[in-house]
Every structure is written in C-alpha cells, then in structure tokens.
Amino acid sequence: MGCDRNCGLIAGAVIGAVLAVFGGILMPVGDMLIEKKIKKETVLEEGTLAFKNWVKTGTEVYRQFWIFDVQNPEDVAVNSSKIKVKQRGPYTYRVRYLAKENITHDSKTHTVSFLQPNGAIFEPSLSVGPENDTFTVLNLAVAYNNTADGVYKVFSGKDDISKVAIIDTYKGKKNLSYWPSYCDMINGTDAASFPPFIEKTQVLQFFSSDICRSIYAVFGAEINLKGIPVYRFILPSLAFASPLRNPDNHCFCTEKIISKNCTSYGVLDIGKCKDGKPVYISLPHFLYASPEISQPIEGLSPNEEEHSTYLDVEPITGFTLRFAKRLQINILVKPARKIEALKGLKQNYFVPILWLNETGTIGDEKAEMFRSQVTGKINLLGLVEITLLSVGVVMFIVFMISYCARRSKRVN
C-alpha cells in the first residue's frame, strides 16, 4: 500500500518533469516553426500572404490637403510685412487603390519590378468644400491622376528574407542624381513593409519619391492596434537637423546663401527633382524648422500630434498596418527688382502653399484575419508553452514535496 502511494507520487513528479521539459523544448522549437512560417509567408511571390497584400493594398488610404490662403498679399508686396496665412481644409482624396502594374519576377536576381499607378478620387463627405474652390490653386486630382510612380525593382526575399521589399533600383538606377555623396542613395523599402522580425533598436530606412530622398524612422512606442501589438516608428527631428547638429545631413545642404551657410534647418530644397523650380519641402507648419523660417509667417501652429510622420509596424511580419505621412510644400520667394510684385520685398520668404496628410489603417476585416492567421496562432503557442512549463514545474514540486514528506514520516 505504501509502495503504491510512493510510486504514485514519484509517477506524478516524473509526469510533471516531462511536461516541464516538453514545455521548455517547445519554446525554441515553436519559435523555430514560427520563424520558418513567417519567412515563407513574407516572401514576395505568388501564393504568399505578403504578395497578396503587396500587389493591391486592402487598406483604404486617404490623402488630405490643407491649402494656405494668403490674407494680405498687397501688404506683403508693398511693405515686406509678415505673411498672414489661413489654412483651408481638409480636401480629401482616396488614393493608392490601384493595383501594381507590369509586375515582373526575376528568379536569377530574386527581384520583382513593378509600376505603381496613381489615382485620386475626391471624397466630398470628408472635405470642407467642393474640389473646385477658387483658392485651392490647382485641381489636385487632375495633377495626380493618370500618372505612375516607378519603375521600382525590389528584392523578393526568396534567397534572403532580410532583404525582402528593399529597393534595388528606382527608374533603373541605384542612385537619384539629385544629391552629392551618400545622400543620393536609395535606401530601404517604400515603407509599406519591412523585412520581418523588427527590433526596437533598429532604424527603419525607406525611400519616398514625394520628397526625392531616402529617410528613416526610429522606435517611439509600443501600441495596440485593433488587438495587434505594433511598434510605432517616428521620423525624428534629427532627420531634419542642420549639419551642425547632424553631420550626416551635410550633403542635403546644396547651397550656402539661403541656408545661411547650412545653419538653418527643417526645410529641404528639392528643386533639382522639380525641374529647377524653387520648391522646398518641410513638415507641416514648419515643425522642427529654424525659428527664422517661420518667423515671417503668421497663422502657423506646429504640433507633433497633427504634423509628425509615423509608421505602426507589426514587428514579427514587418508589415506596416497604420501610417501617417505628413509634409508641406513651400515656394521660396526672393526680392527681385525687375518684377513689380517682388521689388518691394526686403527679405526671403518660404511661403507655405499646402500641406498633406496621407493616412492608412488596416481595416477591421483584415485585422481579424491577421489576428487569426498570425498573432492568434503565436499567442496560442506561447500559452501552450507557458502552461506546460508551469503545470509541469508545479506538479514536480508538489509531488516531490509530498514524497519527501511521506518518506520523512516513515523514518520518524
């Protein structure tokens, strides 16, 4: 009878030890299985989860415009006074709803080339007025429709998943021909996705044809997006700093006079990629820009919540599930004796024309699918691992204590 009781306790301890060992073994094995599955599904090839969402995004993307309406043009022209602006908007368009075109796979180089057609549909219900408001300066849909971005050639990740979606060439070139030195390089992805297994310490590099350069984002916070844990990466102020604060930006300063010997910051001269026009980009309301740039303008109120750019990236797959891309288009206006409207000016002005906010968030249906196919399975596996390990350890300890106590009683 005693033997049966002792044998039962020992058997229970052994079962607990086996469960604990199995749970411990399942952790690295499970992680390995997850990694293998993720690597397979994030390759850009027919039949994968990544390819399906890459060809045509299931996310509704909107591009909102705010137009700066100059309130005192005559006063500025005559007295070189401060420019008073009032923003009007938003004027909202649905964009990025067209599938990629001319998709071509190259099995030798493990790349995929494509053209991204542009389209814009005006959304009256999300706008403050009709599309043809007189102060809007241009019809934004006409300027955007029937155009295309590319050709892009990106790595498929078939041979090396750490390169998936990274741009190999843009318009057949590895460089832009706009900037000197390394500033001219095309770095990273197009920000729609990144190679999987993102770490918080990583710097996410991406190329944006809108701003004619590559840029980067750094980790900002952990966020829960519709039940999916994501990492928020933000564009830091350092990315727009002068070379004095960020020496890596020295090759984005292409002249010495307007930039005050490269000491001003927060605006970027993109004239070379805009047919020589005096176009400068910045963040909306000159967020992170030199005080002297916004000082001659009244009516601006920069704040990070409304005017900063961010990417919410699911770290296991590298998919961007929500984003907000914000930028402002400005024109440099300088005194000119031979031009009547400009001869009275006594200073240079960076005149804000408009700013845009392009946003996209994973839809409820897609989020549910993502939770069930990716995060749900990973969480379930993690729960099984912890349960087996915990139950096993508890069983082993309880049964061993009982066994030892019983042996101690018999000895006494």
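This is a predicted model: local features need pLDDT of at least 70, side-chain atom pairs count only at pLDDT 80 or more; totals for chains, interfaces and linings use all residues.
Visitor: Which residues is Gln116 in contact with, leaving aside its neighbours within four places in sequence?

Guide: Those are Leu98, Lys100, Ala148 and Asp149. With Leu98 there's a polar detail too: a polar atom of the Gln116 side chain lies 3.3 Å from the Leu98 backbone oxygen.

Visitor: Now salt bridges. How many does the structure hold?

Guide: The general idea is that side chains of opposite charge can pair when their charged atoms come close. This structure holds 15 salt bridges. Take Lys200 and Glu222, whose closest N and O atoms are 2.4 Å apart. Lys200 is in the loop between β7 and β8 while Glu222 is in strand β9, so the pair ties together parts 22 residues apart in sequence.

Visitor: Is Glu222 buried or exposed?

Guide: Exposed, at 53% relative accessibility; Lys200 is partly exposed at 35%.

Visitor: Which parts of the chain does the Asp210 and Lys325 pair link?

Guide: That salt bridge has its closest N and O atoms 2.5 Å apart. It links Asp210, in the loop between β8 and β9, with Lys325 in strand β15, 115 residues apart. Lys325 counts as buried at 17%, whereas Asp210 is partly exposed at 24%.

Visitor: And the Asp364 salt bridge: where do its two residues lie?

Guide: Asp364 meets Lys226 at 2.9 Å, N to O. Asp364 lies in helix α7 and Lys226 in the loop between β9 and β10, so this pair ties together parts 138 residues apart in sequence.

How values were computed:
Residues are numbered from 1 along each chain as its sequence is written. Side-chain values use heavy atoms; hydrogens and water are left out. A polar contact is a pair of N or O atoms within 3.5 Å; within protein, one must be able to donate a hydrogen and the other to accept it, and residues adjacent in sequence count only if both atoms are side-chain atoms. Contact means heavy atoms within 4.5 Å. A salt bridge is a side-chain nitrogen of Lys or Arg within 4 Å of a carboxyl oxygen of Asp or Glu. Helices (H or I, at least four residues) and strands (E, at least two) are DSSP runs, numbered from the N terminus. Buried means under 20% relative accessible area, exposed over 50%, partly exposed in between (1.4 Å probe, protein chains only).
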